[in-house]
Amino acid sequence: MIKASDFGKDFVWGVATAAAQIEGAAEEYGKGLSIWDTFSKRSGKIKKGHQLTTACDFYHKYKEDIAMVKLLGFQVFRFSISWPRIFPEGKGKVNQEGIMFYHRLIDECLLQGIVPYVTLYHWDLPEALEDEGGWAAFSINHSFNQFVSLCAKEYGDKVKNWIVLNEPFGFTSLGYMLGIHAPGKTGLTNFFSAVHHAAIAQADGGRILRAEVRNANIGTSFSCSEIIPYTDRESDVLAARRVDCLMNRLFIEPLLGLGYPTADWEVMEKFSIQHSTWRHTERLTFDFDFIGIQNYFPLTIKYNAFIPVVQAWEVKAKSRKKPHTAMGWEINANSFYNIIKQFSAYKGIKSLMITENGAAYHDRTVNQQVNDEERITYFQQYLAALLKAKQEGLNITGYMAWTLMDNFEWAEGFNARFGLVYTDFKTQQRTIKDSGLWFRDFLSH
Ligand code: NOJ
């Protein structure tokens, strides 16, 4: 059985969260609306019509929740700053109450001996900026830089570890191409424009933090998945390559100075020719201290001529009779190892940190206990794969479990439970799951 100490004494263990998913107080204390507040009210796209109004009420319960992070044995707490809590209109006028909330939160972490890792953008764009076109509009970069700059100046003395963007492929594809996440936009033009502005934002954000924060450890995070062709037929292999361009290469390559991966996919090539702004420039590059990779599952991909643009189709784990979580995501620790290797192969990456990994199951409490053996097995397998990669000499500096407690899982509402702690959304009572207790034990050895 592996132990936390096998990873070495400098290895960082953390647990990750995001503002919109846990805070609640969505329309209080001067906070402006985010695209998720409006999307959850209007769209009919959130399961059971769930809304973020109260979420886990972390805004009021942060002291107890940080105490829980400590109790579980983690050194690091990753959380994000809600942009509309700081700038209710996205830019311009600052909400002092919002500023003070994050001061209190950071101070509480430090008081309890927990190291804060702060994400600047975890998907809750101010609605006022979406009204100007959101990530699809070039003006977003100016507003984002103003937000980063303010956070860096305000908190930089106390916070040294920063993550600029959370999963840019996630929010651009789900929110601006497929329309299943906020703001619910669709189409390739929206998507590729949003990609470009997010790619600028991640590099600009890095530069601003470097200039403003002394001794900063600056990263940004990417979703990634090993892409496995369904067969070795050329059509499947090429379909898998297109999906790899989108899901794994789209943001890291321009960041490292390699440009967008247009050569491997003609649609992207055409797009970049038609849209002169969608070109590689120096502005897209930045030398991050670490790259956060977030992995949950691999994808098995088959050619399908009926799917517009990408002509690829996912063959789901269930239909292949593979083990999967309550989200239908394939459980495959070896693919976690493979995607870590894929990212490690880029020369420009200084170090990797796993900034999210975890699993949703249909948990329930019985006599104030949550028996989630499957989640424990998931973590055991994924951590063993991580250790293997680390022992082969890859520079992996830390691991963060997703997530501290069950929370608002975007379009799934409160139905998908990823937490190490069970949240009763009616009473706000927290119950540490067996997987949380397992982590506590694991981290103590
Ligand atoms: C990706 C996102 O960063 C996070 O917000 C989400 O809840 C988890 N992964 C699980 O889907």
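Contact here means heavy atoms within 4.5 Å. With that in hand, helix α10 (residues 234-249) lies across β6, β8 and β9, running at about 130° to β8. Axes are lines fitted to C-alpha atoms, for helices over the stretch in contact, and angles run from 0 to 180 degrees between N-to-C directions. Helices (H or I, at least four residues) and strands (E, at least two) are DSSP runs, numbered from the N terminus.

Keep in mind that this is a predicted model: local features need pLDDT of at least 70, side-chain atom pairs count only at pLDDT 80 or more, and totals for chains, interfaces and linings use all residues. Residues are numbered from 1 along each chain as its sequence is written, and side-chain values use heavy atoms, with hydrogens and water left out.

**The ligand site**

- For polar contacts (pairs of N or O atoms within 3.5 Å), Gln21 puts a polar side-chain atom 2.8 Å from a ligand oxygen.
- Glu356 has a side-chain N or O atom 2.7 Å from an oxygen atom of the ligand, and for Glu409 the corresponding distance is 2.6 Å.
- On its own the ligand has 300 Å² of accessible area, and the protein covers 96% of that (Shrake-Rupley method, 1.4 Å probe).

**The barrel**

- Eight strands close up into a barrel, in the order β1-β2-β3-β4-β5-β7-β10-β11, with parallel pairing; strands pair if DSSP finds at least two bridges between them.
- From one strand to the next, the twist averages 25°.
- Take β4 (residues 161-165) and β5 (residues 217-223): they run parallel and 3 bridges join them, with Asn161 partnered by Asn217 in β5.
- Helix α13 (residues 333-344) packs on this sheet, touching β5, β7 (290-294), β10 (352-356) and β11 (396-402), and its direction makes about 135° with that of β10.

**The open sheet**

- Another sheet is open, with 3 strands in the order β6-β8-β9 and mixed pairing.
- Its edge strands, each pairing on one side only, are β6 (227-229) and β9 (312-314).
- Neighbouring strands here are turned by 40° against each other on average, direction ignored.
- Strand β8 (residues 299-303) runs antiparallel to β9, joined by 3 bridges, and Ile301 stands opposite Glu314 in β9.

How values were computed
Polar contact = N/O pair within 3.5 Å; in protein donor to acceptor, adjacent residues only side chain to side chain.
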